Amino acid sequence: MDSKISTIDQNDTSSELPPQMGADEVLRVENLRKWYPLRRGFVETLFSKNEMNVKAVDLVSFSLKRGEIFALAGESGSGKTTLGKVLLRLVDPTSGSIFFHGKDITKLTQRELKPLRREMQIIFQDPFESLNPRMIIKEIVAEPLRVQKVAKSEAEVEERVKQVLTEVEIVPPEEFLYRFPHELSGGQRQRVAVARAFILNPSFVVADEPVSMLDVSIRAEVVNLMIDMVKKHSASIIFISHDLALAKHIADRVAVMYLGKVMELSTSEKVVDGPLHPYTQALIAAVPVPDPESKRTKDVISGEIPSPVDPPSGCRFRTRCPYAHERCSTEEPPLIEAEKDHFVACHLYT
Amino acid sequence: MAVLSVEGLTTNYKTLRGWVRAAEDISFEVEQGEAMGLAGESGCGKSTVALSLLKILPPGGKIRKGKILLSGQDLVPLSEKEMRKIRWKGISIVFQGAMNALNPVFKVGDQIAEAIKTHEPKVADSEVRERVAKLLETVGIEPSRANNYPHEFSGGMRQRALIAMALAADPSVVVADEPGTALDVIVQAQILRLLRDLKDRLGLSMILISHDLSIIAETCEKVAIMYAGRIVEYGDAVTIFKDPKHPYTQGLIKAFPSIKGEKVRLTSIPGSPPDLLNPPAGCRFNPRCPFVMDVCKRVEPILEEHGDKGHTVSCHLYH
């Protein structure tokens, strides 16, 4: 945990309930920032004036409704995973506020956070690394119960583990309780990770690329399982994915990130079928289509994602944008509502 | 005549528990200037086929049967010394690991030059440098970057450098093993575009290995779908994607979320691929197949032509 680096900005946060916070909002994020200071040598500290930061997440705001599936999409290095971790306070934010059920959690200590952790869980990308190879399935799934001390007896622990394993279709659960992760296939392991995340009946789950390590033929069943679990537990989920096609089919809303900023945010249909931002358009054009007769006609944009240490001035996408004009290099476009419920940060729409 | 023709190739790995039957009875042909896609999930044996073609299998791996005919010459009985003359010049490979396929302590240009010098030791250094510069230009890298080390390259540029290396000795066939898989979608699209351009411009014959059917659909004229070490369907790309016959191919195509069209609940193939130490009897797909019949559990189907010419499928539903 890098609690030493965090310096919470005192000026622009207030712990009061924001006035526009609706009753069905699970999470509201305002101007969230996570900057990682670059480690510099002694001489460098003496002679260079400016501190260098990796701007992993920079002024991100959005809200999450109850029961909503919200996808964070973007290339690697766009800050989507960092954002997911900051939301759970697994990484401390540099500034900004996170209101969880109306309560600002950015300033809580880890001790104060512990009871809230019952409500928030995470599913990691790689089920081969996120399950302890020396623990049996029963202990892996029961760990949240033990940490939070919610089960009264050993019998209750076992009962709840069996119940949640049945929910994720690891059946019959008795057969799996005393197995080790290496005895399970990739799909089964990720189901165990889902079971562990849902055993405390959380209201908010972050899933970080939960199916990208799985084979194509079993991806769909794990994704469908997660959707069903979210519905059943009326939880909200942040689904981090680089795959826009997948995001389209499972998410209610999608936010497209680039270099730590949200570039476009709307319902999944609007973002994927009618993208407004040139970056989203480029991302969608780059997705290969499983149809040999539709040879790609559109041009692929050139270049790769720039370094988040020194992002381009103005609009961060301008160095790769086919529509970049003068204003893009001087003025940073704000995220505005270009159409109803369709937000975009681009000067083409301002 | 086909540039490369593989006949009944069987490659197994020796383990303490027995032979892992990674690739069995693989046959296909690649014509001049044609791209063939080898598709399948992880563990289906597609990389084993690629490594067998160059005979660079890891310890324990052995070609137990079959022929690999490169312009009529069988590579299987060749010695290691003779194979060295074939690698890079006869068949070259573009490795997947854009991150670690290059040696970090040598300059990128020198690593490409090595492939040229191995085959033409008498060429003057100045000419080698010129050729390296030209190769880098072909793949879209500034020639002056030849003096950089791999860590100074981005992921996309490393993958481009590996492509340049594969082209260095002017090979008859290029094998591309999951090109661009570890890269972002935009960079991956750039790499695939480059491969398509090179194929058209230089008339390359190519084998593209990928788990992603859409990448193969966009690049290849011919497709072989592999499952549990065997080719289950083989033929022209348009036919296979429009009218897949094998239940596995059908399931795999449906499992891909498409960026176009309506929002739907995704479908999957229940179960998981079998253990290749001890594959199921009969058809290897039978435990997961929705159309399974009695005969599937007893008799192993053979790859036979069905419907259009050249479209072969190994399934009891059609024979």
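Guide: We'll look closely at one strand of chain A, then step over to a sheet in chain B for contrast.

First, some ground rules: this is a predicted model, where local features need pLDDT of at least 70, side-chain atom pairs count only at pLDDT 80 or more, and totals for chains, interfaces and linings use all residues. Residues are numbered from 1 along each chain as its sequence is written, chains are lettered from A and ligands numbered from 1 in the order in which they are written, and side-chain values use heavy atoms, with hydrogens and water left out.

Our strand is strand 7 of chain A, residues 204–208. Strands here are DSSP runs of E with at least two residues, helices are runs of H or I with at least four, and both are numbered from the N terminus. Five of the five residues in strand 7 of chain A are buried, and buried means under 20% relative accessible area, exposed over 50%, and partly exposed in between (1.4 Å probe, protein chains only).

Now for the neighbours. Strands of a sheet pair through backbone hydrogen bonds, either parallel or antiparallel; two strands count as paired if DSSP finds at least two bridges between them. Strand 6 (residues 120–123) of chain A runs parallel to strand 7 of chain A, joined by four bridges, and A:Ile122 sits opposite A:Val206. Strand 8 (residues 236–241) of chain A also pairs with strand 7 of chain A in the parallel sense, over five bridges; there, A:Asp208 faces A:Ile240.

Now hop to chain B, where an open sheet of four strands has the order 2-1-4-5 and antiparallel pairing. Strand 2 (18–30) and strand 5 (73–74) of chain B each have a single partner strand, so one side of each lacks a neighbour in the sheet. Strand 5 of chain B holds on to strand 4 (residues 61–70) of chain B by two bridges, with B:Gln73 as the bridge partner of B:Leu70. In the loop between strands 4 and 5 of chain B lies B:Ser71, a non-glycine residue with a positive phi of about 45°. B:Ser71 is partly exposed, at 46% relative accessible area.
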